[in-house]
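Please look at the structure shown below and read this report beside it. The text moves from a pocket to a sheet, and then to some single residues.

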Amino acid sequence: MYIGIDVGGTNLKAGLVDRDGTILAVERVPLDFQGPASFARTLAGLCRAVMRPGDQVEYVGMGLPGAVSGGDILFTTNIPMENVPLERLFREHLDLPLLLGNDADCAAVGEFFCGAGKGTRDFVVVTLGTGVGAGIILDGKLRGGVSSSEAGHMVICQDGDLCNCGRRGCWERYASATALIRMTKEAMEKYPDSALHAIAAENGGVVEGRTPFLAAQARDTVALEVCQTYAEYLSSGVSSLINILRPEAVAFGGGVASAPDHFLLDPVREIVARECFARHGGRETRILRAELGNDAGIIGAAFLGRV
């Protein structure tokens with residue numbers, strides 16, 4: 001048995017997971033960060049809540065948006081922690097090993113064992129959310145810890161938009177869900193007659209990552225252009241990743257990835273087939289949708305000790 005913890009922007013989720021990747025019990029609490037010591041105590045309490053009498057838990061794995069090394073948190077953005085010995089603090093409350101991973105790495109591990117990456121040895125998950133993350137598994141081994149990827153911060157538009165990291169033109173400024181929402185809002189300002197406005201109005205005026213895809217299904221030309229532009233930006237970065245890593249498959253995760261294939265994955269597949277070096281021969285990378293949804297973080301964190 002393992003325990004996996006998924007640290008999100010608003011909630012903490014813990015799950016008891018068996019060796020087949022089945023989640024046997026889940027508990028969640030709102031994220032209320034009151035410092036590292038209190039955080040470690042909350043995590044230990046969550047683990048106890050999912051453990052059952054007689055369970056033999058080997059370790060606890062945890063995924064979070066940030067940089068980690070061993071049992072230490074080097075830096076997180078949404079939760080103010082830097083150089084925190086979290087495993088040591090955690091074991092003051094629950095004496096089990098604590099393995100830490102970046103959230104994109106955990107998504108890759110979960111999909112590798114139980115989802116879109118089953119049967120591969122070289123596999124990448126690209127997460128499309130507030131930013132763009134990439135979890136990379138090569139020859140069955142996770143490139144985690146201090147060697148985790150920051151693929152979202154490779155430049156795809158020289159002298160482009162300023163990124164939060166300080167560079168200009170980063171991939172996540174153009175291919176994240178945040179970027180898609182920004183592009184949609186810009187199109188709405190420019191084209192007041194677009195169906196994008198009606199779709200947003202049906203959602204209480206809120207523009208989401210799915211908004212342009214819903215309007216595109218109504219054959220709105222502005223929305224179709226937004227979707228095509230987004231697919232081109234997404235393809236630009238993933239083509240570079242594929243040229244460097246040559247994985248067997250790349251799977252996209254996050255809410256944006258649930259868009260209909262003909263608006264997202266099919267255009268990406270077409271562009272990647274045209275742009276990647278594999279067109280000259282060699283391994284052809286499959287472009288897939290991640291399969292585990294909201295369970296990927298828990299399962300991947302629980303399986304951190306297996307890669």
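Helix 5 (177-190) and helix 8 (221-245) each supply at least two residues of the lining of the second largest pocket. Helices here are DSSP runs of H or I with at least four residues, strands are DSSP runs of E with at least two, and both are numbered from the N terminus. The model is predicted, so local features need pLDDT of at least 70 and side-chain atom pairs count only at pLDDT 80 or more, while totals for chains, interfaces and linings use all residues. Residues are numbered from 1 along each chain as its sequence is written, and side-chain values use heavy atoms, with hydrogens and water left out.

**The second largest pocket**

A pocket is an open set of points on a 1 Å grid over the protein atoms alone, with protein on both sides within 12 Å along at least five of seven lines; a 1.4 Å probe is used, and lining residues have an atom within 4 Å of a point. The second largest pocket holds about 250 Å³ of space, where a volume is the space filled by probe spheres set on the points, which are joined across faces, edges and corners. Its lining consists of 13 residues, and those nearest the centre are Met-183, Glu-186, Ala-187, Val-226 and Thr-229. Sorted by class, the lining has 7 nonpolar, 1 polar and 5 charged residues. In this sorting Ala, Val, Leu, Ile, Met, Phe, Trp, Tyr, Cys and Pro are nonpolar, Asp, Glu, Lys and Arg are charged, and the others, Gly among them, are polar.

An open sheet is formed by 5 strands in the order 11-10-9-12-13, with mixed pairing. Strand 11 and strand 13 are its edge strands, since each pairs on one side only. Two strands are said to pair if DSSP finds at least two bridges between them. Strand 12 (residues 249-253) has parallel partners in strand 9 (residues 123-128), over 5 bridges, and in strand 13, over 4 bridges. Phe-123 is opposite Ala-249 of strand 12, and Val-250 is opposite Ile-287 of strand 13.

How many of the residues of strand 12 are buried? The count is 5 of 5, where buried means under 20% relative accessible area, exposed means over 50%, and partly exposed lies in between, for a 1.4 Å probe and protein chains only. In a regular strand the side chains alternate between the two faces of the sheet. In strand 12, Ala-249, Ala-251 and Gly-253 point one way, whereas Val-250 and Phe-252 point the other way, and all are buried.

**A hairpin**

Strand 5 (residues 66-69) pairs with strand 6 (residues 72-76) in the antiparallel sense over 4 bridges, and Gly-66 has Thr-76 as its bridge partner in strand 6. Strand 5 has a covered face with Gly-66 and Val-68, and an uncovered face with Ala-67 and Ser-69. The hairpin of these strands has 2 residues between them, and Gly-70 takes a positive phi near 60° there.

**Thr-285 and Arg-289**

Thr-285 is in the loop between helix 9 (265-275) and strand 13 (286-289), and it counts as buried because its relative accessibility is 11%. Contact means heavy atoms within 4.5 Å, and, apart from neighbours within four places in sequence, Thr-285 is in contact with residues including Ile-242, Arg-246 and Pro-247. Arg-289 belongs to strand 13 and is partly exposed, because its relative accessible area is 29%.

The table gives side-chain polar contacts of these two residues, where a polar contact is a pair of N or O atoms within 3.5 Å; within protein, one must be able to donate a hydrogen and the other to accept it, and residues adjacent in sequence count only if both atoms are side-chain atoms.

| Side chain | Partner | Distance |
|---|---|---|
| Arg-289 | Asp-261, side chain | 2.5 Å |

**Two positive phi values**

Most residues other than glycine have a negative phi. Asp-139, however, has a positive phi near 50°; Asp-139 lies in the loop between strand 10 (132-138) and strand 11 (141-142) and is exposed, with a relative accessible area of 51%. Arg-246, which is not a glycine either, has a positive phi of about 50°; Arg-246 is placed in the loop between helix 8 and strand 12 and is partly exposed, at 26% relative accessible area.
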